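Have the structure open as you read.

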Amino acid sequence: SDLPSWAHAPFKGMKQLNRVQSQVYPCAFKSSHNMLICAPTGAGKTNCALLTMLREIGTHMNQDGTINLNTFKIIYVAPMKSLAQEMVLNF
C-alpha cells in the first residue's frame, strides 16, 4: 500500500510483499543504501531487486509521469538467462 501507483505494474497480481520483501522494503525502495540479501531460492530476492530499480526510476521521473531515460542506467546481473528474461518482461 506504501508503493506509489506508478510502481504497481511489475507486481501485478500480488496483494502484498512477502516476509523477505517486506523486511528489505525500507532499504530497497525508500533509501539509496547498499544492501546484501541472502535468502533461499523462491524467497523473493528478484522482487527485492525490482524494488531498487523502481526506486531509481522514480528519482528520474518528471511531474507529468514521464521518465528521463538519458539520465541513468540500470544494470541487472542474473545467474541464469531465464531470470534475466523475466526481468526484461517486467519492463
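Helices here are DSSP runs of H or I with at least four residues, numbered from the N terminus. The model is predicted. Asn 47 lies in one such run, helix H2. H2 covers residues 45–59 and packs against H3, residues 81–90. H1, residues 19–30, is among the elements that cover the buried residues of H2.

**Helix H2**

- H2 has 15 residues, and at 1.5 Å a residue these should span 21 Å.
- The end C-alpha atoms of H2 are 22 Å apart, which agrees with that span.
- The buried residues of H2 are Thr 46, Asn 47, Cys 48, Leu 50, Leu 51, Met 53, Leu 54, Arg 55 and Ile 57.
- Cover for these buried residues includes H1 and H3.
- In an α-helix there are 3.6 residues a turn, so residues three or four places apart point the same way.

**H1 against H2**

- The two axes, of H1 and H2, come within 9 Å and cross at roughly 20°.
- Angles under 35 degrees count as roughly parallel, so H1 and H2 are roughly parallel to each other.
- The crossing of H1 past H2 is right-handed.
- H1 contributes Val 20, Gln 21, Val 24, Tyr 25, Ala 28, Phe 29 and Lys 30 to the contact.
- H2 contributes Asn 47, Cys 48, Leu 51, Thr 52, Leu 54 and Arg 55 to the contact with H1.
- By class, the residues in the contact of H1 with H2 are eight nonpolar, three polar and two charged.

**H2 against H3**

- H2 and H3 pack at an angle of about 45°, and their axes are 12 Å apart.
- The pair H2 and H3 is therefore oblique.
- H2 passes H3 in a crossing that is right-handed.
- On the H2 side, the contact is made by Thr 46, Leu 50 and Met 53.
- On the H3 side, it is made by Leu 83, Glu 86, Met 87 and Asn 90.
- The contact of H2 with H3 has four nonpolar residues, two polar and one charged.

- Asn 47 has a relative accessible area of 17%. Buried means under 20%, so Asn 47 counts as buried.
- Beyond its neighbours within four places in sequence, Asn 47 is in contact with Phe 11, Met 14 and Gln 21.
- Not counting residues up to four places away in sequence, Ile 57 touches Trp 6, Ile 67, Phe 72, Ile 74 and Phe 91.
- Ile 57 and Met 87 are 30 residues apart in sequence, and their C-alpha atoms are 15 Å apart in space.
- Met 87 is one of the H3 residues that make the contact with H2.

**Exposed positions**

- Val 88 is in helix H3. Exposed means over 50%, so Val 88, at 53% relative accessibility, counts as exposed.
- Val 88 and Tyr 76 are 12 residues apart along the chain, with 9.5 Å between their C-alpha atoms.
- Asn 70 sits in the loop between H2 and H3. Asn 70 is exposed, with a relative accessible area of 80%.
- Asn 70 and Gln 16 are 54 residues apart along the chain, and 32 Å separates their C-alpha atoms.

Technical notes. Residues numbered from 1 in each chain as written. Predicted model: local features only at pLDDT ≥ 70, side-chain atom pairs only at ≥ 80, totals over all residues. Heavy atoms only, no water. Axes fitted to C-alpha atoms, helices over the stretch in contact; angles between N-to-C directions. Helix = DSSP H or I, 4+ residues; strand = E, 2+ residues; numbered from the N terminus. Parallel < 35°, antiparallel > 145°, perpendicular 65-115°, else oblique. Left-handed = near helix turned anticlockwise from the far one by under 90°. Contact = heavy atoms within 4.5 Å. Nonpolar A, V, L, I, M, F, W, Y, C, P; charged D, E, K, R; others polar. Expected span 1.5 Å × (residues − 1). Buried < 20%, exposed > 50% of the residue type's maximum accessible area, 1.4 Å probe, protein only.
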